[in-house]
Amino acid sequence: MKVSPKVKLIRYTADPEATVALAAKLCYSDRDLDDLTDNIMASDNSTFIARLTDMGHLSPIEHASFTFSIEGVSRALLAQITRHRIASFSVRSQRYVSEDSFNYVVPPAIEELGEAAVARFVGQMDTIMDWYRDWQAALGHGEKSNEDARFILPNACETKMIVTMNARELMHFFELRCCNRAQWEIRNVAWLMFGEVAKVAPNLFRDCGPGCVRGACPEGKKSCGKADEVKKTRDSLFAGGKTKKR
């Protein structure tokens with residue numbers, strides 16, 4: 001069955017912006033931590049966080065972490081997202097979980113070719129499913145058969161995962177993966193993740209996204225030429241947030 005990406009922020013550091021502000025102000029204050037903590041919790045930290053990121057003092061941002069559930073994505077996406085090594089991943093196992101009725105992702109380019117093309121793709125997925133079941137039967141079913149039958153599964157096969165990143169790594173992730181030159185699936189997932197964190201820490205992620213939202217496109221001659229469109233996408237995700245203008 002065809003699936004689409006679903007991303008949900010399921011856990012995050014309590015009051016992430018205050019946590020970051022506390023970690024940063026500790027570096028410049030001689031006050032004891034209890035007093036500093038009380039002051040931070042009672043303050044509006046938006047201006048301080050803006051100054052912090054402008055200074056490039058990003059290590060305190062690592063104290064805020066965010067955990068997402070991600071499903072409806074392909075094994076091809078898994079190969080890309082796990083390249084971001086400052087993160088933790090837990091992924092549904094194809095060894096312990098049978099894929100005898102696997103879901104799959106249909107690339108948009110195939111959908112654009114029309115219903116006949118999609119039907120052809122679906123038929124191919126059904127064929128691979130039959131091949132997988134044949135190998136399961138030949139190998140005796142169970143964990144061992146799944147382990148080896150999975151070698152015939154396509155990159156389109158759906159996977160599910162839990163992903164945790166700290167805020168600094170998320171900033172780096174959004175810079176690379178929200179860009180229009182990123183592969184379409186991980187770009188879609190990155191924007192969904194961005195939308196989730198923008199709700200709970202808008203000031204922390206106010207300037208995040210691909211390089212073009214902060215200035216000239218870093219892709220140079222390979223630029224998509226759609227910086228204004230990208231900025232509108234980013235800004236729309238903050239519509240319900242409390243980010244402060246500087």
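Biologist: How many helices and strands does the secondary structure of the protein come to?

Modeller: The model is a predicted one. From the N terminus on, its elements run β-α-α-α-β-α-β-α-α-α-β-α-α-α. The secondary structure comes to ten helices and four strands.

Biologist: What share of the residues of the protein counts as buried?

Modeller: The C-alpha atoms fill a box of roughly 70 × 40 × 30 Å along the principal axes. A residue counts as buried under 20% relative accessible area. Of the 246 residues of the protein, the buried share is 41%.

Biologist: What percentage of the contacts with a separation of 6 or more comes from residues 24 or more positions apart?

Modeller: Contact here means heavy atoms within 4.5 Å. Among the contacts in the protein with a separation of 6 or more, residues 24 or more positions apart account for 77%.

Biologist: Is the crossing of α1 and α2 left-handed or right-handed, and which residues make the contact?

Modeller: Helix α1 passes α2 in a right-handed crossing. On the side of α1, the contact is made by A18, A21, L22, K25 and L26. By class, this contact of α1 with α2 has eight nonpolar, one polar and one charged residues. The partners in α2 are L33, L36, T37, I40 and M41.

Biologist: How do the residues of the contact of α1 with α3 divide by class?

Modeller: The axes of helix α1 (residues 16-26) and helix α3 (residues 46-55) come within 10 Å and cross at roughly 60°. Helix α1 passes α3 in a left-handed crossing. In α1, E17, V20, A21, A24 and K25 meet F48, I49 and L52 in α3. The residues of this contact divide into six nonpolar, no polar and two charged.

Biologist: What span does helix α6 reach from its first C-alpha to its last?

Modeller: Helix α6 has 25 residues. At 1.5 Å a residue, the expected span is 36 Å. The reach of α6 in the model is close to this expectation, at 36 Å.

Biologist: Which residues of α6 are buried, and which helices are among what covers them?

Modeller: The buried residues of α6 are A117, F121, M125, I128, M129, Y132 and Q136. An α-helix has 3.6 residues a turn, so residues three or four places apart point the same way. What covers the buried residues of α6 includes α5 (108-111) and α7.

Biologist: At what angle do α6 and α7 pack?

Modeller: Y132, W135, Q136 and L139 in α6 meet S145, N146, D148 and A149 in α7. By class, the contact has four nonpolar, three polar and one charged residues. The axes of helix α6 (residues 115-139) and helix α7 (residues 142-149) are 8 Å apart, and the angle is about 135°.

Biologist: Which residue just after α6 takes a positive phi?

Modeller: The place in question follows directly on α6. A positive phi of about 95° is taken there by G140.

Biologist: What is the relative accessible area of T159?

Modeller: T159 lies in strand β4 (residues 158-166). Beyond four places in sequence, T159 touches residues including I70, G72 and L78. T159 is buried, with a relative accessible area of 1%.

Biologist: What separates the C-alpha atoms of I10 and I162?

Modeller: I10 lies in strand β1 (residues 6-12), and at 30% relative accessibility I10 counts as partly exposed. Not counting residues up to four places away in sequence, I10 touches T67, F68, S69 and I162. I10 and I162 are 152 residues apart along the chain, and their C-alpha atoms are separated by 9.2 Å.

Technical notes. Residues are numbered from 1 along each chain as its sequence is written. This is a predicted model: local features need pLDDT of at least 70, side-chain atom pairs count only at pLDDT 80 or more; totals for chains, interfaces and linings use all residues. Side-chain values use heavy atoms; hydrogens and water are left out. Axes are lines fitted to C-alpha atoms, for helices over the stretch in contact, and angles run from 0 to 180 degrees between N-to-C directions. Helices (H or I, at least four residues) and strands (E, at least two) are DSSP runs, numbered from the N terminus. Ala, Val, Leu, Ile, Met, Phe, Trp, Tyr, Cys and Pro count as nonpolar, Asp, Glu, Lys and Arg as charged, and the others, Gly among them, as polar. The expected span of a helix is 1.5 Å times one less than its number of residues. Buried means under 20% relative accessible area, exposed over 50%, partly exposed in between (1.4 Å probe, protein chains only). A crossing is left-handed if the near helix is turned anticlockwise from the far one by less than a right angle, and right-handed if clockwise.
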